[in-house]
Amino acid sequence: MLVQAILKSKASGGVETVDPSVTVTEASKILAEKRIGTVVVSEDGGETATGILSERDIVRELAASGSSCLTQPVSAYMTRNLVTATQQDTVQDIMTRMTEGRFRHMPIVEDGKLVGIVTLGDVVKAQLAELAMEKDALQGMIMGH
C-alpha cells in the first residue's frame with residue numbers, strides 16, 4: 001500500500017500550519033481546538049514545511065524551562081530537520097522510519113510542496129485494513145469462493 005492511499009482516505013481538512021513567529025501558546029491552542037498532535041511550521045502559509053512542532057516538543061520544553069517557553073515563537077522549539085515522505089512511498093517504509101525515528105507525524109511532500117501529513121495512527125489503520133483484506137481473500141480461497 002502506498003502513502004497516497006492513506007491521504008485519499010483521510011478527511012480533506014488539509015494540514016494545519018503556523019508561521020514560525022506564532023507563540024507556543026497560540027500553537028497549543030490550535031492543537032487543543034483541532035484535537036491534533038502537531039502543527040507544521042511554514043513561512044509561506046503552508047506551501048512548504050520549515051519545521052514541525054508537536055505536543056511532545058511543548059511538554060519537553062515546559063519540563064526543561066518552565067512556562068516562560070509559552071511566550072516564545074514556535075521556531076525556537078520546532079524540529080527543523082524534517083523527515084518527510086512522498087505519496088509513492090510504501091506504508092511499510094514510513095512505518096519503519098517513524099518507529100526508528102520515534103516520531104508520530106510525517107509531512108508528505110511532492111516537488112518541494114507540502115501535500116499532506118500522515119500519522120502513525122493512519123499507518124496502523126491502513127495496515128489493519130490491508131491485513132483484513134488479505135484474511136478475507138485467503139478465507140475465500142480456502143472456502144472455494
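Start with the spot where Val91, Gln92, Ile94, Met95 and Met98 of α4 meet Leu120, Val123 and Gln127 of α5, contact here meaning heavy atoms within 4.5 Å. Sorted by type, the residues of this contact come out as six nonpolar, two polar and no charged. (Ala, Val, Leu, Ile, Met, Phe, Trp, Tyr, Cys and Pro count as nonpolar, Asp, Glu, Lys and Arg as charged, and the others, Gly among them, as polar.)

How do the axes of α4 and α5 cross? Helix α4 covers residues 91–101 and helix α5 residues 120–143, and their axes come within 10 Å and cross at roughly 140°. That angle is why α4 counts as oblique to α5. (Axes are lines fitted to C-alpha atoms, for helices over the stretch in contact, and angles run from 0 to 180 degrees between N-to-C directions; under 35 degrees is roughly parallel, over 145 roughly antiparallel, 65 to 115 roughly perpendicular and the rest oblique.)

A word on what you're looking at: this is a predicted model, where local features need pLDDT of at least 70 and side-chain atom pairs count only at pLDDT 80 or more, while totals for chains, interfaces and linings use all residues. Residues are numbered from 1 along each chain as its sequence is written, and side-chain values use heavy atoms, with hydrogens and water left out.

Now zoom out. The protein has five helices and five strands, which are DSSP runs numbered from the N terminus (helices H or I, at least four residues; strands E, at least two). Reading from the N terminus, the order is α-β-α-β-β-α-α-β-β-α. Along the principal axes, the C-alpha atoms fill a box of roughly 65 × 35 × 25 Å.

On to the pockets. The largest one holds about 470 Å³ of space. Its lining has 20 residues, with Lys10, Gly14, Val15, Ile36 and Ile117 nearest the centre. (A pocket is an open set of points on a 1 Å grid over the protein atoms alone, where a 1.4 Å probe fits, with protein on both sides within 12 Å along at least five of seven lines; lining residues have an atom within 4 Å of a point.) Strand β5 gives the largest share of this lining, four residues.

The second largest pocket holds about 320 Å³. Of its 16 lining residues, Ser54, Thr79, Arg102, Phe103 and Arg104 are the closest to its centre. Here α3 gives the most, with three residues.

Notes. Points joined across faces, edges and corners; volume = space filled by probe spheres on them.
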